[in-house]
Amino acid sequence: MKSAVVVFPASNCDRDAKVALEQMTGKQPHMVWHQDSELPDVDLVVLPGGFSYGDYLRCGAMASQSAVMKSVKAHADKGGMVLGICNGFQVLTESHMLPGALMRNAGLKFVCRPVGLEVQETQSGFTRHYENGQRVTFPVAHGEGSYFADEETLNRLEGENRVAFRYAEGENPNGSARNIAGILSEKRNVLGLMPHPERVVDDVLGGTDGRKLFQSLIETLS
Amino acid sequence: MKARVFITLKNGVLDPQGKAIGHALNGLGFESVGEVRQGKVIDLELSGSSAEQAKTELKAMCEKLLANTVIEKYEIELKG
């Protein structure tokens, strides 16, 4: 599996993503600068967490206009896989590659702690190694992660089984609609989620629940 | 030409910041304050003199970048 991690100014989880990909795939991912208009030949593009462009205007808004995003869209349009984590999820909604928006946390506070999630959908290249309903713990670290979409969109997402991860009962850290933590695109080749699977691939870092996401990708893409 | 764009959350979209501002105002003794909604103002300078063209362009700017129309609405004001 060949992968690339996009680096925006003020991305700060790009190296976490790189280390996780290296560890899981045994291969170095390409690090792609946001001004590069062409992507290398890869199977997976990761949009990492961080505060791209200082969160100016809205989280992810400036990054969605950057040169590299045209290529990321083209990659997804051809069926290539895209994983957006935290700020990466915000970039995906701002780019209209995923529906809805991420808003200020309902409690107004930046939340940085492990949260319990339920894997809601295993029929995807990102989640096939998990069990349906499996409880996992991923860390979250965001101030603007409250998922919002109109009722019709929420119903459609649920109807099409595109809610990949939900915050477990009582664990919703940000007021997200219907406890949504991560969603799939219509073609199921784009996943955006607020929690950080790349931070739980090694026991030394406090957990390994994220490994199955990368194992799913490796199996899907090799 | 100068323009001012007002960006506010759509009705029905939860605004926790507005709520906190309202609570704080109540706490300061402004008991008349009910619901508060906050937003942002963007001032722009534009070249060209056609108001019609400016409005069309500003609308496109709002749709493409200035507002996220999933959650926000916008109003455009042109100033002389």
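Helices (H or I, at least four residues) and strands (E, at least two) are DSSP runs, numbered from the N terminus. The structure described here is a predicted model, in which local features need pLDDT of at least 70 and side-chain atom pairs count only at pLDDT 80 or more, while totals for chains, interfaces and linings use all residues. Residues are numbered from 1 along each chain as its sequence is written, and chains are lettered from A and ligands numbered from 1 in the order in which they are written.

Two loop residues of chain A may be considered to begin with. A:Asn161 lies in the loop that runs between helix H4 (151-159) and strand S9 (163-167) of chain A, and its phi is near 50 degrees, a positive value in a residue other than glycine. Most residues other than glycine have a negative phi. A residue is called buried if 20 or more other C-beta atoms lie within 10 Å of its own, exposed if 12 or fewer, and partly exposed in between, with C-beta atoms placed from the backbone. A:Asn161 counts as partly exposed because it has 14 C-beta neighbours inside 10 Å.

A:His96 also has a positive phi, near 60 degrees. This residue is found in the loop between helix H3 (87-94) and strand S5 (101-103) of chain A. A:His96 counts as exposed because it has 11 C-beta neighbours inside 10 Å.

The next element is helix H2 (residues 67-77) of chain A, where A:Val68, A:Met69, A:Val72 and A:His75 are buried. Seen down the axis of H2(A), these buried residues fall within an arc of 115 degrees, so they line one face of the helix; the arc is that of the directions from the helix axis to the C-beta atoms. An α-helix has 3.6 residues a turn, so residues three or four places apart point the same way. The face of H2(A) turned away from the buried side carries the exposed residues A:Ala67, A:Ala74 and A:Asp77. Strands S1 (3-7), S2 (30-33), S3 (44-47) and S4 (81-85) of chain A are among the elements that cover the buried residues of H2(A). After H2(A) comes A:Gly79, with a positive phi near 100 degrees.

Helix H5 (residues 211-221) of chain A has the buried residues A:Lys212, A:Leu213, A:Phe214 and A:Leu217. Their cover includes helix H1 (14-25), S3 and S4 of chain A.

Note on methods. Contact = placed C-beta atoms within 7 Å.
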